[in-house]
Structure formats: structure tokens, C-alpha cells
Amino acid sequence: MGYNMKVTEYKDSIKVTHYNYEITEREVREEDDTDKLFKAIEERDFFNFAHLHYNPFINKICKIEDIELYGWECVEPVSREELKELRNLYNTNGMSHRARERYLKECAKQQEFSKDRSIRRTVNVIYDYARCNNWDWFLTFTFRDKELRYDYIECRKKVSKWLKNQREKNAPNLKYLVIAERHKDGAYHFHGLLSDIGNIKVKPATNYYTNKIVFTNSGKMIYNFSKFSYGFTTATMIEDTEKVSSYITKYLTKDLLDNVPNKQRYLASKSLEKPNEDKYVVDDVEGVFHKLLETYGYYPEVQHVKSVKNVYNDRDLTYYQMKL
């Protein structure tokens, strides 16, 4: 069964997504599998060009003319070297110049769509984690070593190690959500939300030359967390979880995506809460609010409304941010 209204419930607010069309499982799969589908089309064209066919009897790729000559079960498969030569031939001669230009443009367009979709998913995951949990500290990790700071994997390992050590020695209930920021020169910083810090030592940050306590431009005191031996930390106390949830997702950019392995974009403790999601079918906008009244017994306060167009299917949807 499909839906055209989705309610994502956080601790003190909800996000309502109203689609001007019905979302079905098939459409979700089609959007998720766009990359696979595009590669499958390219593979089909290659097989047609090289006169190849997958042989299910021997689980190998064979030439069509050999299958016709020797039969499905007796035919010899195409060797890896020959398959490589055929693919190189296809890449250079399998398309006309105009067709290849079209193909490369479509590849570039599809790659951009894939990046946008990947960023959107990661942003949604991080925002949901951030909104569903209470946070006390906004913490930034800065690396001192001039070589280390440009190595994302190593930087991530150091931050992960520090979090693990703190949890084992000082804060068994520590909650954290940490993501990277890539600067223009390629160096990495890491920013995190923390709570339940237990006995982790925190002290006011001081100016190196004057030894005076340091404050932000808005007058908030800056702190240092102890024992980050790979550099230094700066931290401020969090006053508004909603604002900091939106702020931390701004570090997720295409530039970061291009330079960060797909499955290692953030660090999150296993104890984090996730939002509840409910899906409905409604007739129109009036039906959206009727469903909310039916669910909560009152109309949640509308804080923000935004209508956008889904770039993947050119159809409209509207987001409502509401306070419970």
C-alpha cells in the first residue's frame, strides 16, 4: 500500500511531508536503484555490441555464436582477457561520437543525482539522530600534525579512539554524534554533539598569551575537553537542540562526499534514539491537518512550511515543521 503523507516524530516536534502524489514501494525501489538500473542498461548495450550472453547452465558469459554451435551446456566461456578486450573495444568503438557524448552527459548527470541523493540521506540520518536526543555540548576536534590533518581515515580513527577511551574510563553512558568538516585546503576538523559526559574533565579555555578565559562573539564561554593528545578541542554548551541539529548538517557537502568513504561519514554511539515514522493516505492539505488532529487531539503549531519539487520525478511535495 502506498502513502502520500509521512509524519516524523521527534521529542518535542514533528516533520510532516505531504506528497502531491502517492509513494509506492516500487517508486522507492526505483529511486534507490537508479544507479544500478543505469549500469544495467550500459551492460546490456555492451552485451549486444559484443554478441555475448549470460549462460545460466555454467554461470558464465559466453559468445552467442558459440552457444549456437556447441549448445548451452558444452560451450566454453569467454576468458577474462578476451572480455576485457571486448569491453575496451566497446568503450572506443561501440558508440558513435554523438552517442558517446550523450552517454557521457547522462553519466555526469546521473553522478550528480547520486551525490545529491547520498547527501540528502546522510543529512536526514544525522538530523534525525540530533533532533531525537538531548545534547549538552558542541565539541570541535582540531588536529595539530600537519600530515595527519589531511588524512581522513586516520583522523577518524583518532577521534573514535578518544571517544572509546572516554566511554571506558570516564563516561559509560556517553552519547555522541560526530561528523567531519573538510576545509578548502583539504584539512579535516571534526564536530560533535555530546551528552552524559560523566567524569570527563572540562575546563574553561584560555588565551595562550594573556591566560584570560575565552568567549565566543555571542558571549558564550569556550571550554576545552581533556586528553585529546592529537591536537586540541574547543567546546560550548548547547542551549537549543533544534538549532544545533540544523547547524551540524551544514558540514555535509559534496566536497566532503567526494573525499570520504561512503560508510564512514559520521560516528554515532549505539545508544542514540531514532524518530518514529507514520505514513498515511490523505485526500488533500485539509486531510493532512485532519489526520494530525485525529492523531494528537489538537493542531500542532506550524513553525515552518516549505514547498519543493522532487528532482527525480519532477513532482511537488511540502514540508511542515510543527511544535508539539
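## Second largest pocket

In this predicted model, the second largest pocket has a volume of about 410 Å³. Its lining comprises 18 residues, and those closest to the pocket centre are Phe 138, Lys 220, Thr 236, Val 244 and Tyr 247.

Three elements each supply at least two residues of this lining: strand β5 (137–143), strand β10 (231–237) and helix α7 (241–248). The biggest share comes from β10, which gives 4 residues. Sorted by class, the lining of the second largest pocket holds 8 nonpolar, 6 polar and 4 charged residues.

## Lys 175

Strand β6 spans residues 175–182 and includes Lys 175. Lys 175 is buried but forms no salt bridge. The nearest side chain of opposite charge belongs to Glu 273, at 4.5 Å; a salt bridge requires the side-chain nitrogen to be within 4 Å of a carboxyl oxygen, so Glu 273 does not qualify as a partner.

Leaving aside residues up to four places away in sequence, Lys 175 touches Asn 133, Trp 135, Leu 193, Leu 194, Ser 195, Asp 196, Ser 269, Ser 271 and Leu 272.

## Arg 80

Arg 80 is part of helix α4, which covers residues 80–93. Is Arg 80 buried or exposed? Its relative accessible area is 72%, and the cut-off for exposed is over 50%, so Arg 80 counts as exposed.

Arg 80 and Ile 61 are 19 residues apart in sequence, and their C-alpha atoms are 9.7 Å apart in space.

Definitions and conventions:
Residues numbered from 1 in each chain as written. Predicted model: local features only at pLDDT ≥ 70, side-chain atom pairs only at ≥ 80, totals over all residues. Heavy atoms only, no water. Buried < 20%, exposed > 50% of the residue type's maximum accessible area, 1.4 Å probe, protein only. Lys, Arg positive; Asp, Glu negative; His and termini not counted. Contact = heavy atoms within 4.5 Å. 1 Å grid on protein atoms, 1.4 Å probe; cavity = no way out; pocket = protein on both sides within 12 Å on 5 of 7 lines; lining within 4 Å. Points joined across faces, edges and corners; volume = space filled by probe spheres on them. Nonpolar A, V, L, I, M, F, W, Y, C, P; charged D, E, K, R; others polar.
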